[in-house]
Structures are given as structure tokens and as C-alpha cells.
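Let's take a walk along one interface and see what holds up when we look at the atoms. Have the structure open as you read.

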Number of protein chains: 6
Amino acid sequence: MKKIVLTGAAGALGHQLRAPLAAMADQLVSTDLADAVEGLAGNETYVKADLGDAAAVMDLLEGAEMVVHFGAIGDEAPFEQILHSNFLGAYNVWNAAQKHGVRRIVYASSIHAMGMYPKTTRIDTKMPHRPDTFYGLSKCFAEDMASMYWDKYGIEAVCLRIYSASGPVGNARALGSWLSYDDLIQLVQRSIDTPITGFTVVYGVSNNDRSPVDNSAASFLGYRPKDNAEDFAEAILAQTPQADPQDKAQMCHGGPFATVPLGESGVAYIKKMSVS
Amino acid sequence: MKKIVLTGAAGALGHQLRAPLAAMADQLVSTDLADAVEGLAGNETYVKADLGDAAAVMDLLEGAEMVVHFGAIGDEAPFEQILHSNFLGAYNVWNAAQKHGVRRIVYASSIHAMGMYPKTTRIDTKMPHRPDTFYGLSKCFAEDMASMYWDKYGIEAVCLRIYSASGPVGNARALGSWLSYDDLIQLVQRSIDTPITGFTVVYGVSNNDRSPVDNSAASFLGYRPKDNAEDFAEAILAQTPQADPQDKAQMCHGGPFATVPLGESGVAYIKKMSVS
Amino acid sequence: MKKIVLTGAAGALGHQLRAPLAAMADQLVSTDLADAVEGLAGNETYVKADLGDAAAVMDLLEGAEMVVHFGAIGDEAPFEQILHSNFLGAYNVWNAAQKHGVRRIVYASSIHAMGMYPKTTRIDTKMPHRPDTFYGLSKCFAEDMASMYWDKYGIEAVCLRIYSASGPVGNARALGSWLSYDDLIQLVQRSIDTPITGFTVVYGVSNNDRSPVDNSAASFLGYRPKDNAEDFAEAILAQTPQADPQDKAQMCHGGPFATVPLGESGVAYIKKMSVS
Amino acid sequence: MKKIVLTGAAGALGHQLRAPLAAMADQLVSTDLADAVEGLAGNETYVKADLGDAAAVMDLLEGAEMVVHFGAIGDEAPFEQILHSNFLGAYNVWNAAQKHGVRRIVYASSIHAMGMYPKTTRIDTKMPHRPDTFYGLSKCFAEDMASMYWDKYGIEAVCLRIYSASGPVGNARALGSWLSYDDLIQLVQRSIDTPITGFTVVYGVSNNDRSPVDNSAASFLGYRPKDNAEDFAEAILAQTPQADPQDKAQMCHGGPFATVPLGESGVAYIKKMSVS
Amino acid sequence: MKKIVLTGAAGALGHQLRAPLAAMADQLVSTDLADAVEGLAGNETYVKADLGDAAAVMDLLEGAEMVVHFGAIGDEAPFEQILHSNFLGAYNVWNAAQKHGVRRIVYASSIHAMGMYPKTTRIDTKMPHRPDTFYGLSKCFAEDMASMYWDKYGIEAVCLRIYSASGPVGNARALGSWLSYDDLIQLVQRSIDTPITGFTVVYGVSNNDRSPVDNSAASFLGYRPKDNAEDFAEAILAQTPQADPQDKAQMCHGGPFATVPLGESGVAYIKKMSVS
Amino acid sequence: MKKIVLTGAAGALGHQLRAPLAAMADQLVSTDLADAVEGLAGNETYVKADLGDAAAVMDLLEGAEMVVHFGAIGDEAPFEQILHSNFLGAYNVWNAAQKHGVRRIVYASSIHAMGMYPKTTRIDTKMPHRPDTFYGLSKCFAEDMASMYWDKYGIEAVCLRIYSASGPVGNARALGSWLSYDDLIQLVQRSIDTPITGFTVVYGVSNNDRSPVDNSAASFLGYRPKDNAEDFAEAILAQTPQADPQDKAQMCHGGPFATVPLGESGVAYIKKMSVS
């Protein structure tokens, strides 16, 4: 492959993806709001850009075959902020992709597009959206837009509904929802090397014993996670207070995002529930 | 009921709804971009307002029990225009509704949220979105937002996926998709008088022999359309040229919107296909 | 048909069924706890019996081809009472039917076997039980027993999940749930005259615009109700206070039974919500 | 439409279709094994032909826009006979249609493609085949072939799973399965005048109270039957002996075809069960 | 956790669970009909009690957080016996749990709640009950009651549909249905340590190659069995006579329970079919 | 088992099966069109026969308990050839099996019975057929016939929808579709040693990461493949040109068979796409 563009390259997840992506293409263009990122690969270029700026995005995607679109506000925030970075940012990416003939977009969607389902309901990739925040709503938007660009223009998309991507497993919720960095990398690699994907949705979750999602409809992607949060279960459960099944923050897939007031940071809430 | 707010009151559909809504509440507040509307009912007030203006919407909804939200650009248009009127307009309505304790929003969604499904696939109200235009995408957005405000704040919503609302039946596609004005009025009335609706999606289609949609999941609303486009079938089919099943404009639920370039008017295309 | 046995003959619904059943068989044996019933048909015999008495039931069913089993406590009550009349009573009926080679049992099940589903969920005849009371639980029990006697012994059963059988339509809930007496009679007639039924479940609801149930899987029975509670809608809705969608008594199929404490009368609660 | 070809024109159903089809096209070519048929319409030509003769079929379809393919052995028969008339006949029709660019084939499939399902199972148009005879197996074959020619060559097909097409309703089974001639004609008309059909399967059953099939997936065709076998129910049920639910001839959709030995006439069995 | 109550502690399965449960709580109260059990853990108390005795059960559950309810007749038996021990016993447990504010009940349900399904039908946890015996019927009852106490009072329940729990794999049926003791223990542990379960049903089967059940809807529990009956396959199949697919005792999930007369021991039949 | 008959014994797959089948029965009769096969097992007999010859097939199956039916043209070919070898051959096998009381037929069906589904649609064993060639159509026919003989005569059948059975993994499509010979052998063994199978369909695919099929409904067979085409992925993907998602030969399960003209060899096309 000639050229891949990675947005959100300075974020925690984007950082994990830079080296693997550099190994899959002649040229990797990484971009984010930061002034620079460290440790560029030999075939990697970094470009500072705001995805809400249509012209900047149009320039970035010229000549690209695929875009790995991870750039966005990664937390709940006031609607206007989400509108700019996540809604408009995603539109700019797809619009530029169509103009430049980009073949496929691998998109960092999120479990928060489905966050209001109770965790006792196993969710698959065909059920209707039930977002929990403006953040989650922006993911619904981009997924629906991706579906439309595939239907109308043949631009492929793999939407990764990332659950809890993090280094260590930090709390009881993550025993089901954890996505290790290695598994994230595998998921992105398969989303790129699969010859044909059309429009596909897949959950980004590790091979956890307690995984509450169903990826079977996307089995052709070949995503087979290797890590299992159960290795952390005994230690974490010992420190976890009794749960309240009437509390949506504990009962829903979205976790604390299910109860955080719209527009307020959900990450802050998640930190509070973590086992220190 | 004390107060209903009707947005889009100057539009073709809003116009049909004013008198019936005035009969259902102590007070009807109608609003649109026009300077004025004619024929106000005794308990009806008209307020000129842009739904993209958050403060104006906040004022309008004070004291309202229900909002009938029909105000939006009703055709495909450039993304920025849709973003302002349809996305931001809908957000302003739900945000104000939550602040003011509005009980329910009856929303004019559209078949174009599902327009890329082939017409030989009967669509129900639980299948994933497949929008055909930015216009349709804005309907997906508002539906998902409505689901979220119900899940998080208990604000009810009935999303009417209006198909082809018009006076006469104008072309072969409408033999399946027609929604007569009388049936539209019934649909809105039932969406209001049903004691509890939660978050519900329902197609706005008349009792056409050739109706290609499935409203069974929303049967509790009691919507039973009376009109049937089949009365127009013989005359229209006699003037309809042979169809091409490989042409998405003929094969898809969205009709010409399925092939119109994103951002260009689909209504213009529909007019071209109509039997004069 | 030679002989039909009707249990619960002195109850409100049993009373409606006596004449129609007498017209369908050479002999009708009616039974209940009352000393006598009035207006016996020429081929009708009345026998006072307690269905909790195994020997009495065994005697009653001798020579019967079909049993129309409507005898039971028709309201929520302490568990021990339900256990005797509804659980043990039903067991005695099926056990005697198997001993005597009875061909089919038409059983008065109830919506309260499914009462905890929200009304915005359309319920069909294949979904798992969600009873709302001991009363509803006894209906689940008899349905499952009926399935077993069909699977093991070939005794047919038609389980009628009766919703709100009554003369007039008394409250807003009944706009969806009403079963007129004429439609009840048709439903029982079809359950009897259909040549083969196997084990079948069907909802007992009239042809209400707002019917929230799905009988399609039992369409072979030919039940086509004629009455429609919508005729009463305007008058009733005018007197109905605003509903609370967080109140299970209003949100669930079971109505007030959904919130009545287990063992306490639900009928009393229903009366309170009725429009006088 | 310029030209329609009707095969099986001399059969009982083909006879019903000749005049209505003649009214829908400039030219109707009727064909069958008989030497001649009576009462030709002004624009109708009759050609004697064996559908098992590839060259004859190739000649017949030249210039045709649609084929209404009803020609076949209409009863169970030895495999070799079915192979010639039904399998090879259908292949010749589709093969010629593809060579000549025919737009659509309306095909007389049969309930016997699904005959081994129990009647207490409502069958839809997406469930797997369960044929009951070689005759039914030939219908499965033609349906699957029709699907393939649509997928590969864009030739449309409407497969009518005709249940019990007949003049009077003759037995208890037909109370559910009857298809009146008027409804058959409507079904064929809609299969022709619908602008786009793709590959579609639909049951040919009247508006019987006891209809045991589900046509909802094909609702876009606009088939709304008017006749109802229930008008005959009282008279027929009075003469019908008690059924045996363990007898597949009574329990299955295919009726006597479900138990007739493969290769032997099922129609003869059906006659035996009819009320004289 | 402060206190767990284990019923059926003297039974074969209860015996396996005592030590693991003792390790999960400050206090374990074991109970059964036996006078005593051997090998009490340091924090374990044994109480002799009949679960059909409401007062005794009320005493036992005081202060308990969870109940592991395995106490019941574990075989088919006359209805009156099942009624007392299994129906009334289960009612007493849930009733006392509600009075005492118990958080969760882990319940030994059984495959015999679903025993009449053919083994060629994979069964999941949402399909309707099809019990094979009074024993199985009592499991249906308790599952439905568990659903109701969750819906009405928020008492959680995990219903384990135990298939063939035993030490060695004894016959061909068990190649699919075996549940090893280690896997049983894991299943109970996960049912307890999962923070929130709501009302959940899960099959108790090991990781057998030939497992005929679908636990995917309960994946959030994290039950991942380790043992596999296939290790025994070659030896057992070599001694197994040819099966008869028309024999329900071989064809159904319930095995011999599917054909044993109601009220007669099914375990005796299973022993007869075992490879010695 | 006394006697197994293997058809297609001289083919590539039949060759793999001879030794394993010889080990499972007292007597193995192998047959094909070839004059002889090499390396007969001690209990193996080879008979040259044309399966289109009814008498020859009738002789072969005398005394057989099971037939492993792999004999057929294994590629797309003109309809008349397929009709003789695959349609008539299969009919002869089932007809003789019924006459001789054969217990079960293990049949080499093919993915080409489902070849027109897009690969992004995971296919299960209950979806309708969508054949891609006359070859695939003959597999649909035999599956439907197998269903009928089971329903009417109790002859069991396991239909193996073999995907890409081959030694090495030769192209990108096979990363999902590969069936190793060892896994093929396991699949046939389990299809034989499972005590009861009824009529069952199962896909023949290895344990590939990228497997696009769903065998869960047939889990009772215990087929657990061991090989994984992913071992070949890196090498093959490095040599694979960019795919075109609008090309059915790349997008559909059937691969090149999806676009090959009916009647022309599809194997030739597959060779062209292979990585040398």
C-alpha cells in the first residue's frame, strides 16, 4: 500500500498504532492537534492539523489509500465542542476521502454508541444505536455516514466500537470490556489487510471471559483477540464494593457515561470508580 | 393539555397540522422562519424563529408539554446548511425540552434515514439506519438523540419516518410510499394522545396496497391509516415507463435520493420522475 | 362433538360461553364452585365441584372430548390460595384429561403471564414468560404443562392469553387491551372447531386500533376479532390524567398488576384507575 | 407491454389467466401440450409445444418481455416424468429468457415446496424449503434457479407458492389454504405491473381467516386478496370427521402430499378427503 | 460477602459446592434434609431443614446476601411430591429472600425445563420452555418466579440449566451434555462474583465438542468451561448400540425423561442406557 | 457398522476419505467412474459405476448402513452434464437408500449452494439457498431432497457445504474458506459417529481466523476443526493485488463461480486468481 493517513496520532491509542501502520504502507502520514510527536518511523510524516478544518483535511488525504481515523475528542464534552471536532471532523474526513478516491476508512467508533443497553443484554453489530452521551452520538453519526458513503460511493469502512482500551485492567467493568493494546493493533491490522470489507462494524474487545458483545457477523475480518482480562479478576474483584443493579452507571454497557449529565466529562467518573 | 409547540408551521406539512393541533391543547405556539402564517386559530400564536438559534428555541418551549418538531430543511442540501438547520435545530429542541421538562417530542423523521435499503426489502423500525443523503443523515442523528434523551432523562419521543407525504399521488413510487394528509394528521394525533410512548419509531405511510414498510412494533400507537394510493394505480402505471432494477433511484426506498449526489437537491429529481 | 366440559361456568366469562358451547356439542357439562347456575341449555348439566379436588375432576371429564378450562381464582391472591385453585386445579384437569383420552383443552391463560413487559414492546406468542403476580405465574405453569402433555401424550391445547375481557371499555389501558364478549366467544369457537391445533398460544384481544400484541403465529386458528375499543377512545381519553412513563402500573402490559404487592388483589387497583 | 408468453395455457389455472393477460400486453402467446385452446382473445396466439423441448421454448420466448410460466405436471408423478416436464421445462424457460433478454418470469411455484412444515407453524417466504414430493422438489429447484438468474443476469422473478387454487372450497384444509380464481388473477396482475420485483417469493392464498402463511416480506407487490374461505366453513366443518394430529396428511401444510408415497398421485388422495 | 446459604448441601452437587462457597463468604450456612453432613469448613454451619417448611426457610435466610438453591427432588416423582419439595420449596426461598433483602439467588434449574426439544435443535436461553416431566415443570416454575421477583423487587437470579452433572461420562448422550464438577464449580463461582446479573439463564454444560446448547446471551457471566467429554468418546461410542431417531428418549434433549411416564423415575431409565 | 458405501472414491476428496472410512466399518465399498483405485484397504472393495445408472446404484447400496456420497461433477459444466451426474446421480442414491433401508447419507454439498451471498454477510445453515452455478444448483437440489427423505422416510442426512477443500492455501479467498484434509476427515467421521443427526447442514471450513460461516446450529455434531489458514496469511496477502469490492467474483462467497457464465468451468477461473 502506498499511503495511510492516521488521525489522532498523538492520542493514547494513536500512539500505539503508529509503528504498526508504518510497517503496512510505503508512507504513513500522522496527524493531530499537537505540535509534534516523538519517534517518527522512517516512512512517517507528522502534520499538525485540526480535523474541523476542511481544507487541511483535504490536503492530508491526497493520494491516500486508507485512512485510520482516530482523531476526536475522546470524552463527553459540551455539544458545541463535540460538534466541531467529532461531527465536523468526521464529515471532513469522509468528504475528502470521496473526493480523493480513498479506498477505505478504519474508524475509531466507540461502545458509547450503544452505551444505554443494559450489560445483561449481549449486543451485536446489527442492533439499533443507543448512545449515552454527545460523544457517543457523534460515533452513531459517523457510523451512519460511513454506511452512506459505502452505499453511494463504494468507500469501504470498518467501524471499531472500541470498549475499554487501556494498558492495565483498572476496574470490575473492564473485566468484560477491556481491549489490550496488542489486540487493538491486531484489530486495526486485520481491518486493513482484509481484501474486502464493505461497511462493517466490529467491537474492540479482548478475549475476555466476560466479554458482553457479539462480533460474529464480522467474523470474516479474522479478528481473534489474544488477551484476557480474567487474569486481573481476582485482585480487582477483591477491592470492588457491592454493585447496585438499579444504577445505570453499573448496569449499562456505557458504564458511568450512562449517568453522567450530557456535556460533562465521563472519564472523570470512570476514574472515580477505578480500583486504585 | 396546556401548550403544544409546532415547529415548521409554515411548511406544507406543518400547515396541515395547525388546526388539528390547536384542537388538542389550550394553547398552540406555531413557529417557522416565515414572517407570518395565515389563518391562526383562536388559541394559536405564531412566533418567527430560527431553530438554529438556541436562545430562541429555549424561549419557545417554556411551559410546553409537547413539541411537534417539523421544522427543518426538507430536501438534500450542502452539509453546512443541513448542519445548521437540521442537526443544530434538533439539538436545540431536545436541549430546551430537557431544561423545561417537556414531556414528549413528536418528530418528523423521514424515510431517507433508511433510503439505501432496496424496496424489495421490507423495512421495520428496528433495523440499522441506511441514510441516503445528508438530509437523511440528519434524521438518523435526531432519532438517536431522541433515544438518548429518553434513556437518560425520560423525555418521550415519537419519530415519524414520513415517506411521501403529498396531496395527490404523483408517480409509481408513491403507490407504495404515499402518505395522505388525513393519515398524517391521524398519525400525529395518535402520537400525542397515546398515554405513554417511550421512544418509538413509526413509518408515516398510508394504507397502500403496496406499502413496503412494517409498523407492527409500534402497533400500540393505534395508527390505522385510511387512504390507499391504489386508487391512483391504473392511471399512473399507464404512464410509467419500464423500470430498471439496477438503478438505485428506482430500486431503493429512498428513490431519487439514493442516487442524487450528496448535497444536491433530491426533490428536483423526484419532480422529474413524476407523471405530469 | 359428544361432550364438552366447561369449568368456571359461574364466572363472568364462563357465563358468556355457556350458550355458545352448548350449541357446539351433544352435551355440555358446566361446573363451578357455586351451588347452581341459571338458565341451563337443554343439553347442559351443571355440577358443583372444586377443581382442587382430584377425584371430582376425574369424574367430570369422563367421556369428554374437549375441556374449556376457565375455572380459577381470577385475581391476585395469597400464594397458598393460588396454589390450590389455579396450580392444583390445572394439574387435576390435565391429569384427568390424559387418563380419559380427552382430545383438547381450551385454557383461559392471561396477559399476566407476560405482564412485566413494557407496553412499548409488542409481545408475541414465542417470547419468554414474564409474569407479574402469583396469578400470572399460575398461568405460566399451566401453559408449560399444556406444552408437556402435548409433547408427551398428544393432548392438544389452545392457551388464550386473555387481556381485558369486559363489557364496556373502562379506562385508557383497555383501549389497547379490550376483549369484547363477542370476540371472546369467537375465539373459543375457533379454538374448538379448528381441526388440529397442537399446542398453541394466542392473545385474547379485540380488533383494537391500539392492540399491543402479535397473534400472527396462530393465524391458522382463524381468529378475526370484530370489535374495536377505539369507539370509546375520545370519551375515555378526555377523562384520563397524564400518564407517568416511569410507573410500571402504566408502562407494563400487566397494568396495575405490575406494581401490586404479590398476594394482594390487583383487580382492586384496576378499579381505582378506571374512568367512572 | 409488447409480448407476454403464458405456458400451461390449457390448464385449469392457465385458462383463468388468458383473458386478463391478453388485456395487459399488445400480444399474448399461449402455449401448452394440447392441440388447441378455445376462445382466443384478439391479440392471443396459441402454440402447441412441449416445454421439455429446448428449441421450441427458445422460439416461443423470442421478443417476450415477460413469461408467465404455469406449464408443468401439476401433481406428484414418477421422478423421470417430473424431471422432464418440470425440471427441464423450467430450465428451458430460464435459459431462453436469458438468451432473449426477457425481463421477468412469473412462476407458478407451489405450497408443496414447503409441504412438510406442520400447519401449526406459520411459514414465511425466507424459511428453508421442506418439499413433500418430487413435484414439490421441482418447485424448489425452479425457485433456486430463479434466484440465481436474478443474481447473475438480472432477470426478475416472482415465484407464486400457490396453495389450493380451485373454484369451490372443498374440504377443511382449504379453509386456510384456498386461493380463489379472482385472487389468483390479482396476484398475477400485481406480479406483472409492479415496476421492480427483483427475486420475490409470495404465497398464493386468499384472504382466508385461517390462512397459515406470511406474505409480509412481499408486501411491496400490493397483493391484497378479497375472497375468504370462511364463507364455506360452517357447511364444511359439519361434514368433516375428527382430525388426527399425529397424521402428517392432516398436520402438514402439504396435506395428503405429505404422506403420499413419492411418485404416486397426491391429487387422488386429496379428492378422497374432500367433502362431497 | 457476609453470608451465603446453600440448600441441598447433602446432595451430590451440593457436596461439591460447599468448600468453594465457604471460601467466598464470611459465613456459609448449609442445609438439607439429612441430619448432618461431614467435613464442615471452619466458617460453615449445617442446619437440617425441609424447604417445604416456610418458617424454617425464613429463619435460614436471615442476614444472607446470596442463596445457592440446589435443594429439591432431583428426579421425576409423583406430582404431589414435586409440588411440596420443588414448587413450594422454591416459593419459600424467594419469598424469604424478598422479606430479608437477599441480593441474589443462584438456582439449580435443569435441562429438563427444555427437555422436549429435539437434540438437533440447538437451544438457547430465550426460547420457550418445553418441560419433559413434573420435575422439569418445577424448574420452569422457579425460573418464571425468579424473573418476576427481579422485575418487581430487584432480586437477582442466575438460573443454571444443569445438563448432565456427574463424575465420569457414562453414555453417548453425555458426550454432548456432560458437566464436570470442576466446571460446575466455576459456573457457580462466576454466578456469584459477577457484580450484576439481573435475571439470567445459563446452561450448565462443559466445553464438550458436541455441546448442543447456546450460552452466548449470558457471556457477560464469564463462564468458560474447561473439560471436554470428547476425551471419553471413543470408548463410549464403541459400546453404544445404533440409535433410533424416531425414539424421543434418544432424539430429545431430555433423554429418557422425554419418554418416561409422568411421575415415574427418569434416573432409573438413564441408568439403563449407560455403558457399564 | 457393517457396510459403508463411498461414492466419488477416485476424486481428490474421496481419496482422502477411503482409509478413515475403512477403519469405521466392517466393509467399505468404494465406487467411481475410474476403472480402479490404488491402495485398497483390507476390507475395501472398489466397484466402477456411473451414478447416473439407477440399476448400478441400486446394487451398490444393498446392505449398506451409510452412504458417503461424494460422487459428482465437481465444477461448473453444461446443464445437461450436471443434470445427469449430479441431479440424477443424487436421486439414484436417495431412491436406492430408501429401498434398501440405508440409515444415513453423508453428502458432499458445497458452498456454491450459497455462493451469491456477499462475503460480508455471515451465512448460517438456515438461510435460503442462493446458488451461483448449475453445479451449486445441483447441491441445493440434493439438500432439499435429503430434507424430504428425512421428513417422509426417516433417512438421515448430513449435508457438508464444503468450501475450499485443498492441500495448501492458495489464495486470499481461501484464508477464510480453506478446509484442510484433516478437518474434512474429522467432519466426515463426526457425521458418521454421531448417534442421531436427522437432517443437518454444516459448513466444511477449517478453524480459520477469517471463517465467514456459522455452524452453531449443528454444534451437536461436535465438529471442531484444528487447522487455520491464517498460518499462510502473510505470504499470500503480500502477493495479492488490491481487491475490487464491486466485483462479485471477489465479493461473494462463491468467488469466481459468482461471475463465471453458467455452464463454463469455474475451477479454471479460480486457478487464475491463485497466487503462484
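How many residue pairs are in polar contact across the interface of chain F and chain E? The rule finds eight, with both residues at pLDDT 80 or more; a polar contact here is a pair of N or O atoms within 3.5 Å, where one must be able to donate a hydrogen and the other to accept it, and residues adjacent in sequence count only if both atoms are side-chain atoms. On the side of chain F that touches chain E, the residues split into six nonpolar, eight polar (Gly is counted here) and six charged.

This is a predicted model, so local features need pLDDT of at least 70 and side-chain atom pairs count only at pLDDT 80 or more, while totals for chains, interfaces and linings use all residues. Residues are numbered from 1 along each chain as its sequence is written, chains are lettered from A in the order in which they are written, and side-chain values use heavy atoms, with hydrogens and water left out.

Now for salt bridges (a side-chain nitrogen of Lys or Arg within 4 Å of a carboxyl oxygen of Asp or Glu): there are four between chain F and chain E. One pairs E:Arg210 with F:Asp193, at 2.9 Å from N to O.

As for contact (heavy atoms within 4.5 Å), chain F and chain E each put in 20 residues. Together they bury about 1,500 Å², with 53% from carbon and sulfur atoms; that's accessible area (1.4 Å probe) lost on being put together, summed over both. In chain F, the residues losing the most area to chain E are F:Ile196, F:Phe220 and F:Arg224, together 37% of what that side buries.

Notes. Buried area is the accessible area (1.4 Å probe) that two parts lose on being put together, summed over both.
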